[in-house]
Amino acid sequence: MDREPPDPPTNKRPDAADTGPPEARIPAGEGQHQVSRGGFLGMLGLGAGTLAVAGAAGLTWRAVDRGVFATGTGSAYAAWDGWNPPGGNVLDLVRAAVLAANAHNTQPWRFRVSPPRIDLFADTARNIGAIDPLRRELGLSLGCALENLVLAGPPNGKTPTVTLMPDPSDTTYVARVDLASTPAAASPLFAAIPDRHTNRAAYHRGRPVARGTLDGLKSLIDTADTDVVWFTTAEQTRAFGDLTVRATKAIIADPQQAADDFA
Ligand SMILES: Cc1cc2nc3c(=O)[nH]c(=O)nc-3n(C[C@H](O)[C@H](O)[C@H](O)COP(=O)(O)O)c2cc1C
């Protein structure tokens with residue numbers, strides 16, 4: 001995907017609880033909504049006050065069950081609380097998209113919802129700073145969101161057709177997703193979306209992953225220009241660990257990145 005020239009590092013990393021003024025992100029016409037994660041939660045009526053009611057109504061247990069509240073509470077967790085069995089609501093596709101993995105939790109996306117279509121835009125101000133001069137990680141984050149959105153289509157009775165970069169004159173317009181009605185079809189990958197989260201806990205160093213598991217994961221690759229390389233030997237994992245620590249120290253020591261991290 002072509003990237004626009006790097007923006008100045010105006011990293012505005014959102015606090016996870018950032019629910020910002022939704023109206024600042026809803027410029028679209030009648031019947032359309034352009035939403036960020038925070039604005040989306042507002043549209044769902046899941047502001048902090050509403051969340052307390054939802055919890056009293058018995059919705060919060062789902063987030064607790066999934067371990068989400070192991071790291072925090074509040075409106076930032078409303079998309080998990082409100083996770084419903086698929087019911088054909090087009091906003092449920094966005095609900096799935098905003099639970100995607102994304103670099104530094106910047107959530108650099110906006111959605112314009114105008115059924116039967118959803119448009120995905122990059123929010124380039126939500127970049128991670130000097131460490132990502134080509135906005136590669138921003139692009140990866142948008143890809144994660146798009147993948148979740150597409151996965152959420154069939155269970156909600158929608159067949160998505162994705163057009164990447166539909167308007168060459170607007171490099172922030174990442175994807176147009178047209179939705180055709182179809183009988184709903186269950187999807188284990190969709191069902192796993194609210195369970196997925198980044199695991200920063202300690203790894204079992206002495207328990208190798210079975211060869212068959214590694215091969216099975218690798219066999220999922222379905223594009224010729226993609227490959228997976230597993231680091232399995234003690235020498236490889238030590239080298240990878242050392243490089244990771246050195247890279248992290250370099251990032252922390254970089255004055256520009258340090259400034260961007262708190263911009
Ligand atoms: C492109 C990309 C790069 C990431 N880089 C890191 C990283 O260097 N270190 C890290 O701990 N997590 C990294 N993450 C994980 C994000 O921090 C995480 O997805 C985000 O905080 C949201 O949390 P969740 O995955 O639990 O929903 C990365 C995720 C993506 C998509």
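Two strands pair if DSSP finds at least two bridges between them. In this predicted model, β3 and β5 meet that criterion, pairing in the antiparallel sense over five bridges. Within this pairing, Leu-120 stands opposite Ala-175 in β5. β3 also pairs with β2, again in the antiparallel sense, over six bridges.

β2 and β3 make up a hairpin, with two residues between them. Ser-114 has Arg-117 in β3 as its bridge partner. The loop between β2 and β3 holds Pro-116, and the peptide bond leading from Pro-115 to Pro-116 is cis, with omega near 10°.

The protein as a whole contains 10 helices and five strands. It has 263 residues, of which 31% count as buried. Taking contacts between residues at least 6 apart in sequence, 64% join residues at least 24 apart.

In soluble globular proteins, nonpolar side chains tend to be buried together. Here the largest nonpolar core has 34 residues, and those with the most contacts inside it are Ala-97, Leu-120, Ala-145 and Leu-149. At least two residues of this core come from each of α4 (78–81), α5 (91–97), β2 (109–114), β3 (117–122), α6 (136–151) and β5 (173–181). The helix α6 gives the most, with seven residues.

Leu-120 shows how these elements meet. Not counting residues up to four places away in sequence, Leu-120 touches Trp-109, Phe-111, Leu-142, Ala-145, Leu-146, Val-174, Ala-175 and Val-177. One of these, Ala-175, is also the residue that Leu-120 stands opposite in β5.

The helix α6 has 16 residues and reaches 23 Å from its first C-alpha to its last, close to the 22 Å expected at 1.5 Å a residue. Its buried residues are Leu-138, Ser-141, Leu-142, Ala-145, Leu-146, Asn-148, Leu-149, Val-150 and Leu-151. They pack against α5, β2, β3, β4, β5 and α7.

What is the setting of helix α9, buried or in the open? This helix spans residues 234–253, has 20 residues and reaches 28 Å from its first C-alpha to its last, close to the 28 Å expected at 1.5 Å a residue. Of those 20 residues the number buried is zero, so α9 lies largely in the open.

The ligand comes next. The residues around it are Ala-101, Asn-102, Ala-103, His-104, Asn-105, Glu-137, Leu-140, Ser-141, Cys-144, His-197, Thr-198 and Arg-200. This shell divides into four nonpolar, six polar and two charged residues. Ser-141 belongs to the shell and is also one of the buried residues of α6.

Asp-195 is found in the loop between α7 (188–192) and α8 (211–218). Asp-195 counts as partly exposed because it has 13 C-beta neighbours inside 10 Å, and a residue needs 20 or more to be buried. Asp-195 and Leu-99 are 96 residues apart in sequence, yet 9.7 Å apart in space, C-alpha to C-alpha.

Two residues other than glycine have a positive phi. Gln-107, with a phi of about 50°, sits in the loop between α5 and β2. It counts as buried because 22 C-beta neighbours fall inside 10 Å. Met-165 has a phi near 45° and lies in the loop between β4 (158–164) and β5. With 14 C-beta neighbours inside 10 Å, Met-165 therefore counts as partly exposed.

The last stop is helix α10 (residues 255–261), where Gln-257 is placed. Gln-257 is partly exposed because 18 other C-beta atoms lie within 10 Å. Leaving aside neighbours within four places in sequence, Gln-257 is in contact with Gly-129, Ala-130, Ile-131 and Ile-251. Among these, Ala-130 is 127 residues away from Gln-257 in sequence and 5.4 Å away in space, C-alpha to C-alpha.

How values were computed:
Residues numbered from 1 in each chain as written. Predicted model: local features only at pLDDT ≥ 70, side-chain atom pairs only at ≥ 80, totals over all residues. Near = placed C-beta within 6 Å. Nonpolar A, V, L, I, M, F, W, Y, C, P; charged D, E, K, R; others polar. Helix = DSSP H or I, 4+ residues; strand = E, 2+ residues; numbered from the N terminus. Buried ≥ 20, exposed ≤ 12 C-beta atoms within 10 Å, placed from the backbone. Contact = placed C-beta atoms within 7 Å. Core = buried A, V, L, I, M, F, W, Y, C linked by C-beta atoms within 7 Å. Expected span 1.5 Å × (residues − 1).
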